[in-house]
Amino acid sequence: MTDGELDLTLFNGAVRNSENEHVAKLLRAKSKVLVAFGSCAHMGGIPGLANLVEKDEILATCYLSNASIEPGNQTIPHARWAVDGMTLEIPGFYRRVYRLKDVVDVDYFLPGCPPAPDQVKAVLLAVVKGELPPRGSVVGASERAVCDDCKRTKSEKKIKRFHRPFEILQDSSRCLLEQGILCMGSATRSGCGVRCPNSNQGCRGCYGPLPGVSDHGAKFLSALASILDSKDPREIEQILDSLPDFTSFAYRFGLPASTLQRSYR
Amino acid sequence: MPRTITIDPITRLEGHGKIQIFLHDDGSVKDCFFQIPELRGFERFVVGRPIEELPRIVTRICGVCPASHHMASAKAVDGCFGNQVAPVAHKLRDMYYHAHYIHSHIAHFYALAAPDFVMGPDADPTVRNILGVVAKVGLDIGGKVIRARALAQKIQQTLGGRTTHLVWCMPGGVSKGLTPEELEEIKPMVAELAGFATFSLQLFRDVVLGNPGYVDLILHGPYTLDVHNMGLVDDNNAPNFYHGKVRVVDFQGREICKYEAHEYNKFVAEHVEPWSYLKFPYLKQRGWKGFKEGIDSSLYHATPLSRLNVADRMATPRAQEAFEEMYSTLGGHPCKALLAAHWARLVEMVQNAEMLERYCADPEITSDQYRVIPDRVTGEGFGIVEAMRGTLTHHYTCDENGICTSANLIVGTTNNNAPIQMVTKKVAQALIKPGKEPDKGILNMVEMAFRAFDPCYSCATHYLPGQMPLTIQIYKGGQLWREIRR
C-alpha cells in the first residue's frame, strides 16, 4: 500500500506501547485523513488514569502482588524472550499513556466514550461530501455545553456540601450539581445526547472541554469554586473535603491531555 | 531450515492477539505460541478512586462486553457496602443482562462464527465475513438478524438509560427503574426475540447439522481438549449468568469444586509467562502443571460450552429441550468438542429470551423502590458474573471512607488463555505437516480453534483495540521467505 492510499482512518485507543505507536505512525502515513476517534485517542481516555501511577507499580500489581497470582511468582512479561532457540517478542510497555496527537499529526478529533452513533454518521457523511471543517477541529460534537442540552431544571447554584452519588436519592427533574452531586456538564462539550444525566448520573466529561478551553479539569474547578456557598476559607475547605479524589473526576477521560501532565513528560 | 510463521494480528477476534508457529527443518510444527501484546493496568490505577466510581470506570476494560464488567463491578461494590441492595434492583440488572447476552450472542454467532460455517472454513477471506453470510443466506435473514440485535439493544437502553458503557448500577441498586409504560414497550420486543432465538437454532440445524462435513469437523476434528469446565450455576445446577456459585466439572462429568464468589481465591490462581501480557488461570488446589491436558490437569475453560457442561439442566423449558437435543446429537454430556460452543451459545440465547419473558410477567419489576441508601461501608466485595466470554471475577477492598485500596480482576477470556494456547498448537500440528505448505485455508482453521472461545483480548488484557487486516509472515533460516496477506 502506498502512502496516502487510505481515504480515512478512524483511530481508536490511546498510545500505551511500542506497537500502538508503530500502528499510529503507519496509519498516519497511509491515510489522507486521520481522525482521533473516541476519548482514548482524543485525550487519553480512562486508561489515561494510569498516568497517576508508575509503570513499575502497574507491573508489580498485575503480575506479582495481586490476590490470585501464583504463590511465589517472580515472573513479569518481557518485550523479548528467548526459549529453546525461539525468540518471542511482545510490544514494550511505555512509561505512561499518550494521546494520539502526542505521537503523530492528527487531522480531526471525534470525541466521546463511545462517540454517539448519529455523530459518527454525520462525520462520515461530511467526509464523503468533502465538507470537513479546517484541519485540527473537533468534529461530531456540539459547540454548546452538556448543561445547555440537559432538560433538568436549573436555578441558582449554591453548594454547602457535596454528596457522593449513593448518599442521597436524587430529584430526577432537578440539576444534579444543585443537589450537590458532582456533574461536569457545565464544563463539557455536548453532543453525547446528555446520556449520563438522563440516566440519573453526573457527567464525567467524555466529550472533552468546551471550545477554546485547553485544560478541562482546571476549567471545571474554577466553575465549581464560583458556586461554593461560603466566604470562609475553613468552611470552603470542608466543602471541598466532601469531594474525595477530585483529580479522577476532573480528568476522568483526559489526564494525558491535561496541563498536569506537562511537567511529567 | 527452521521457519517461523507469524499470524499477527488475528482477524475476527474482538481484540488483538498474535500467533507464532515455529517449524522444524522438515516443515513440521515445533511449537506454537499465542501471545497477547497489550496491558493497561486497571487493577492498579483504580486504587485511590472512590469505590462507587468503579462500575463507571471498569466498563472501559472492554467495548464489547462492558455490561459484564459493570455487573461484576456493581456486585463487588455491593459487597463493600454490606450487600445492602434493593431487591428489585437485582431483578432489573439480571433482566438487563439477559438482553445484553442476546445482543452479544447474535453478534458472535452471525458476524464472527457464521462465516466459517456458512461460507466454509476454507472459503476465500473476501467472502468469509458477515457480508458473505448475508449474500448467501439472503437479505431477508440478514435484515432479521440486524433487527433482533437492535431490539436487544433497545431493551438495554430502556432499562439502563444508555447502552455501551452503562452508568446504571450503583451502591444500593440502580439509578433508574422501569416504568409500567416502558414495560409495555418492551413486551413485544421480548416476544420477537424469543421467536428469533428459536429461528437461530433452526438455522443452525439447517446450515451446520445439515452438512455432514461440518458435523464431522465439530466431533472428530482436532478441536477437542481434555481440560475441565467452569460456569456459574443456580441452586438447581442450571446456568445462571448474574448470580450463583461457580461450579467446576471435569471433562468426564465429575464435579471438582463448587464455590461462592468470596471463596474464589482458594480455588483459582493465575500463572505468569514472560512472553505474554495475559496471565494463565488454573485450579489452585491442583497447582500449575504447565500446558497439559488430562484428567489430572489443572486447566479449565470457561465458555458457553463449559457453562452447559457444568449444568445439570437449563433454567427454562424451551432451553431445556434445546439442551437435550444438543447433547444427544453430540453423543452425551459433557462434550469436549470445542466448536460446539457455537451451538451452546444459541441454547443459552433461548434461556435468555425465556428469562426476559418471565421478568416481563413479574409484577414487582416496575417497582419504584429500585435503590436504597447504604448506611455502612464494610470494606470488601466479590462480584462474579458469567461474561459471555467466560466467568468474570472482580474483587475489591476499600477503606472506611469508601476509597478503593485494591482490585483484582480475572476476566472472561483470561480463563481460556491456556486452553487457547493448547488447542492452537494442536490444530497447527494436525494441519501443518512436512511437504504441506500452509495456505490461507489452513491458517483460518488454526484461527477457528480459538474463535470457538469467542476470545476478547481487549477485555482480557484490559486493553481497547482496533482491528487490523491479517498478515502472515513465514521465515526460512531467519529471512522473510513468504508473506500471505488478507
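**Covered and uncovered positions**

Modeller: At 67% relative accessibility, B:Ala135 counts as exposed, and this value, like the others here, comes from a predicted model.

Colleague: Which helix of chain B holds B:Ala135, and how far apart in space are B:Ala135 and B:Pro374?

Modeller: B:Ala135 belongs to a helix of chain B that covers residues 130–137, namely H5. Along the sequence, B:Ala135 and B:Pro374 are separated by 239 residues. Taken from C-alpha to C-alpha, their distance in space is 54 Å.

Colleague: Is B:Ala114 buried or exposed, and which residues does B:Ala114 touch beyond its neighbours up to four places away?

Modeller: B:Ala114 sits in helix H4 of chain B, which runs over residues 87–118. Its relative accessible area is 4%, and because the cut-off for buried is under 20%, B:Ala114 counts as buried. Once residues up to four places away in sequence are set aside, B:Ala114 touches B:Phe109, B:Met119 and B:Val133.

Colleague: How far apart are B:Ala114 and B:Lys154 in space?

Modeller: The two residues, B:Ala114 and B:Lys154, are 40 residues apart in sequence. From C-alpha to C-alpha, the distance between them is 24 Å.

Colleague: How many of the residues of H12(B) are buried?

Modeller: Helix H12 of chain B takes in residues 341–360, and from its first C-alpha to its last it reaches 28 Å, close to the 28 Å expected at 1.5 Å a residue. The helix is mostly covered, and of its 20 residues the number buried is 18.

**Two serines in loops of chain A**

Colleague: Where does A:Ser142 lie, and which backbone nitrogen does its side chain reach?

Modeller: A:Ser142 is placed in the loop of chain A between helix H4 (117–129) and helix H5 (146–149). With a relative accessible area of 12%, this serine is buried. Apart from neighbours within four places in sequence, A:Ser142 is in contact with A:Asp149, A:Arg189, A:Ser190 and A:Gly191. Its side chain also comes to 2.8 Å from a backbone nitrogen, that of A:Arg144.

Colleague: Which residue in the loop between H8 and H9 of chain A has a positive phi although it is not a glycine?

Modeller: Most residues other than glycine have a negative phi. The loop between H8 and H9 of chain A contains A:Asp245. The phi there is positive, at about 50°, and the residue that has it is A:Asp245.

Colleague: What is the phi of B:Asn237, and is B:Asn237 buried or exposed?

Modeller: B:Asn237 is part of the loop between strand S6 (228–233) and strand S7 (245–249) of chain B. Although B:Asn237 is not a glycine, its phi is positive, at about 60°. Its relative accessibility of 11% means that B:Asn237 counts as buried.

Colleague: Which residues does a cis peptide bond join at A:Pro114 and at B:Pro334?

Modeller: Most peptide bonds are trans. A:Pro114 lies in the loop between strand S7 (108–110) and H4 of chain A, while B:Pro334 lies in the loop between helix H11 (317–330) and H12 of chain B. In chain A, with omega about -10°, the cis bond joins A:Cys113 and A:Pro114. In chain B, with omega about -5°, the cis bond joins B:His333 and B:Pro334.

Colleague: What percentage of the residues of chain A and of chain B count as buried?

Modeller: Chain A has nine helices and seven strands, and chain B has 15 helices and 16 strands. Among the 265 residues of chain A, the buried share is 55%. Among the 486 residues of chain B, the buried share is 67%.

Colleague: How far apart are the centres of the positive and negative side chains of chain A?

Modeller: Chain A carries 33 positive and 30 negative side chains. The distance between the centres of these two sets is 4 Å.

Methods:
Residues numbered from 1 in each chain as written. Chains lettered and ligands numbered in written order. Predicted model: local features only at pLDDT ≥ 70, side-chain atom pairs only at ≥ 80, totals over all residues. Heavy atoms only, no water. Helix = DSSP H or I, 4+ residues; strand = E, 2+ residues; numbered from the N terminus. Buried < 20%, exposed > 50% of the residue type's maximum accessible area, 1.4 Å probe, protein only. Lys, Arg positive; Asp, Glu negative; His and termini not counted. Charge placed at Lys NZ, Arg CZ, Asp CG, Glu CD. Polar contact = N/O pair within 3.5 Å; in protein donor to acceptor, adjacent residues only side chain to side chain. Contact = heavy atoms within 4.5 Å. Expected span 1.5 Å × (residues − 1).
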